[in-house]
Amino acid sequence: MKKTSLSKTLALLLAVLALLSLAACGGSGEKVIQREAPAESAGPDAALTSENAREETAGAGFVFIHQGVRVDMDAEASAIVAALGEPSSYFEAASCVFEGLDKMYTYGGFELDTYPTDGKDYVSAVIFRDDSVATPEGVMIGDSAEKLQQVYGDPSSTAENLVSYQAGNMELRFILADGVIASIEYLSLAAEGD
Amino acid sequence: MTGEKRKSRRLRVLLSAAVVLLSLGFLQRLLSPKYSTELIEGGLIREYYGEEKDHDLIFIGDCEVYENFSPKVLWEEYGINSYIRGSAQQLIWQSYYLLEDTLRYETPDAVVFNVLAMQYNEPQREAYNRMTLEGMRWSGSKVRSILASMTEEEHFLDYVFPLLRYHSRWSQLKAEDAAYLLKTRPVSHNGYTMRLDVRPAENVPEGRILPDYRFGDRAWSYLEKIRLLCQEKGVELVLVKAPSLYPYWYPQWEEQIEDYARENGLLYLNFLEMGEETGIDYSRDTYDAGLHLNLYGAEKLSRCFGRILQEQLGLEDRRGEAALAARWQEKCAAYEADKQAWLASLSEENA
């Protein structure tokens, strides 16, 4: 009886280990520890002129457009950065450990941030710095919460001073202070996990 | 079945099981990252267990401790025997459980916690979790730390059997995986990782506007747990903000920490505001534009901090203890050798 129990226990242990390995091998996701690659890279064609951003970007996420240069979240950054011209300031931050640099380009009224994946940089965020720039839909820092509601409609989520519109793999965030927009941010959700 | 046959069958089963388990163990060891020459930060936590555990001072925190404070300077100049239990993006609950873990082995006079980690209220990223958690020895503290740290995509069982997580790493195996299959190499100097290159801090951006500057409830609860654990064990808790210029340390954050320290009678030092005392020159003392200090900066900071620790906490100068001094003599030699290797490699690069 004792021997049978031992054999059964061992068989069970081995079966569990085998099953666990199989379960792991059969997993759907490739479990490599690295930054998640963007779902779609816009590539060099990302820097395009657009007359009607709202229609063009419907369903694909909100897009920031500055002087004809279109900035999609998770688009490859090199062409966009080249099209935007010389930044007024540039800063790069290495992560504590991983290779590659998060880069921050500051232009007139906004900051463009990028994150590295597989040797290339992709757009992770556009942060408005002042009221010299506006979203393609015509909203800028200093506008009222009422205008925000009129232009963008019901948000995906709200919390405290934050109004958020999620579309595709990006988020357009408005931070309010005393009923007025204090900050506008286009954020890649793919980059946020980093 | 005769007794002999039964015995033989039992032996075969045991042998088969042993072969399978050994093979799985070998595979697990082979496929798991070694953190010995690449991503060395993943090797920091495990190194502590090989130490003689009679430290006066333990640091807990993220890269702002293991890149900015030099235990060697604290020893050489003040006779303080210290160790850094830090890892990359070490979240506050990971620091708490590492403290719990450390106190199983020793009771230092003081614990230093770097408060930047208060900014995170939720689990962040698996790769960082793994570098902190995999190096911990199994204990209740490790289990609780894993459970507190896992992102939605992670599974507890993957920490118990890392093979489940790393089975697909076979195609990425490098020379390091063979070289350090059985034994790893030291990656730090009492938890400190050294850099000697220089990159001046320029154009450091100001912080973005945040919707809410209050630290999260979870972060607060773990800070309180750290304080209470230290109190229970009779350990002095010191809060610090290392002089890293980025990520941005908001005045609103500073105010909350100052209030907490005052209310609880804790020593809090914000080294960002102590430039005169530390003497840090951001054009020479940082290797990555102000995020972390290089060796020159870390030694300046440690010199300043050691003086404060002696004056305010009265930490004993132990340089007269023969056995400890002998251990540190070896450690200082290894530190110096590492420094010379860095200098040689930099001069080669510049040649």
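Reader: Which helix of chain B does B:Ser145 lie in?
Author: B:Ser145 lies in helix 7 of chain B, residues 140-149. Helices here are DSSP runs of H or I with at least four residues, strands are runs of E with at least two, and both are numbered from the N terminus. The model is predicted, so local features need pLDDT of at least 70 and side-chain atom pairs count only at pLDDT 80 or more, while totals for chains, interfaces and linings use all residues. Residues are numbered from 1 along each chain as its sequence is written, chains are lettered from A and ligands numbered from 1 in the order in which they are written, and side-chain values use heavy atoms, with hydrogens and water left out.

Reader: Is B:Ser145 buried or exposed?
Author: B:Ser145 counts as buried, because its relative accessibility is 0%. Buried means under 20% relative accessible area, exposed means over 50%, and partly exposed is in between, with a 1.4 Å probe and protein chains only.

Reader: What is B:Ser145 in contact with?
Author: Leaving aside neighbours within four places in sequence, B:Ser145 is in contact with B:Trp93, B:Gln94, B:Tyr97, B:Leu133 and B:Met136. Contact means heavy atoms within 4.5 Å.

Reader: Ok, other helix. How many residues has helix 12 of chain B?
Author: Helix 12 of chain B has 13 residues, 251-263. From first C-alpha to last it reaches 18 Å, close to the 18 Å expected at 1.5 Å a residue. That expected span is 1.5 Å times one less than the number of residues.

Reader: Which residues of helix 12 of chain B are buried?
Author: In helix 12 of chain B the buried ones are B:Trp253, B:Glu254, B:Gln256, B:Ile257, B:Tyr260 and B:Ala261. Seen down the axis of helix 12 of chain B, the buried residues fall within an arc of 165 degrees, so they line one face of the helix. The arc is taken from the directions from the helix axis to the C-beta atoms.

Reader: Why do residues a few places apart point the same way?
Author: An α-helix has 3.6 residues a turn, so residues three or four places apart point the same way.

Reader: What do the buried residues of helix 12 of chain B pack against?
Author: They pack against helix 11 (217-233), strand 4 (236-241) and strand 5 (267-270) of chain B. On the other side of helix 12 of chain B, B:Pro251, B:Arg262 and B:Glu263 are exposed.

Reader: And what sits around the ends of helix 12 of chain B?
Author: Just after helix 12 of chain B, B:Gly265 takes a positive phi of about 65 degrees. In the loop between strand 4 and helix 12 of chain B is B:Pro247. A cis peptide bond joins B:Tyr246 and B:Pro247, with omega about 0 degrees.

Reader: Switching to chain A. In what order do the strands of the open sheet come?
Author: Eight strands of chain A form the open sheet in the order 3-4-5-6-10-9-8-7, and the pairing is antiparallel. Strands pair if DSSP finds at least two bridges between them. Strand 3 (89-94) and strand 7 of chain A are the edge strands, each pairing on one side only.

Reader: How many residues of strand 5 of chain A are buried?
Author: Eight of the eight residues of strand 5 of chain A (110-117) are buried, so this strand is largely enclosed by the rest of the structure. One side has A:Phe110, A:Leu112, A:Thr114 and A:Pro116, and the other has A:Glu111, A:Asp113, A:Tyr115 and A:Thr117.

Reader: How many bridges join strand 4 of chain A to strand 5 of chain A?
Author: Four bridges join them, and the two strands run antiparallel. A:Met104 stands opposite A:Asp113, and A:Thr106 stands opposite A:Glu111. Strand 4 and strand 5 of chain A form a hairpin with three residues between them.

Reader: What about strand 6 of chain A?
Author: Strand 6 of chain A (120-128) pairs with strand 5 of chain A in the antiparallel sense over eight bridges. A:Phe110 stands opposite A:Phe128. Their hairpin has two residues between the strands, and there A:Asp118 takes a positive phi near 50 degrees.

Reader: Last one: where is A:Asp178?
Author: A:Asp178 lies in the loop between strand 9 (170-177) and strand 10 (180-188) of chain A. A:Asp178 has a positive phi of about 55 degrees although it is not a glycine, and at 81% relative accessibility A:Asp178 counts as exposed.
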